[in-house]
Amino acid sequence: DEYMGRTDDAVVFYSKAVRLLVFLLVEAPSLILNPPFSLTNSGRCRLRSYIDVLNNRQSISRSQRMALLKGGDQQCSS
């Protein structure tokens with residue numbers, strides 16, 4: 001969505017992906033499941049890395065969205 005110029009959708013999807021990964025990192029290990037859900041240290045590091053990357057992309061998408069909105073406002077006031 002981001003590459004197709006749909007920054008609003010991209011921001012929403014990045015947010016949902018981050019929430020899912022945070023759930024897997026924080027909440028899922030405490031659930032009573034059979035077999036139990038567990039993460040290795042490398043798995044935890046990988047999830048944290050993915051969360052950081054997604055947060056960064058979300059921030060960039062928001063910035064692009066704001067730039068587009070500002071550009072649209074300038075066109076309207078001309």
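Predicted model: local features only at pLDDT ≥ 70, side-chain atom pairs only at ≥ 80, totals over all residues.

Residues are numbered from 1 along each chain as its sequence is written, and side-chain values use heavy atoms, with hydrogens and water left out.

Q: Why is the pair Arg6 and Asp1 called a salt bridge?
A: A salt bridge needs a side-chain nitrogen of Lys or Arg within 4 Å of a carboxyl oxygen of Asp or Glu. The N to O distance between Arg6 and Asp1 is 2.8 Å, so the pair meets the rule. The count by this rule is one salt bridge.

Q: What makes Arg6 partly exposed?
A: Buried means under 20% relative accessible area, exposed over 50%, and partly exposed in between (1.4 Å probe, protein chains only). Arg6 has 41% relative accessibility, so it counts as partly exposed. Asp1, with 33%, is partly exposed too.

Q: How do you know whether Ser61 is buried or exposed?
A: Its relative accessible area is 0%, so Ser61 is buried. Ser61 touches residues including Thr7, Ala10 and Tyr14 (contact means heavy atoms within 4.5 Å), not counting residues up to four places away in sequence.

Q: What makes up the largest nonpolar core?
A: Such a core is a set of buried Ala, Val, Leu, Ile, Met, Phe, Trp, Tyr and Cys residues joined through side-chain atoms within 4.5 Å. Here eight residues make up the largest one, among them Ala10, Tyr14 and Leu54.
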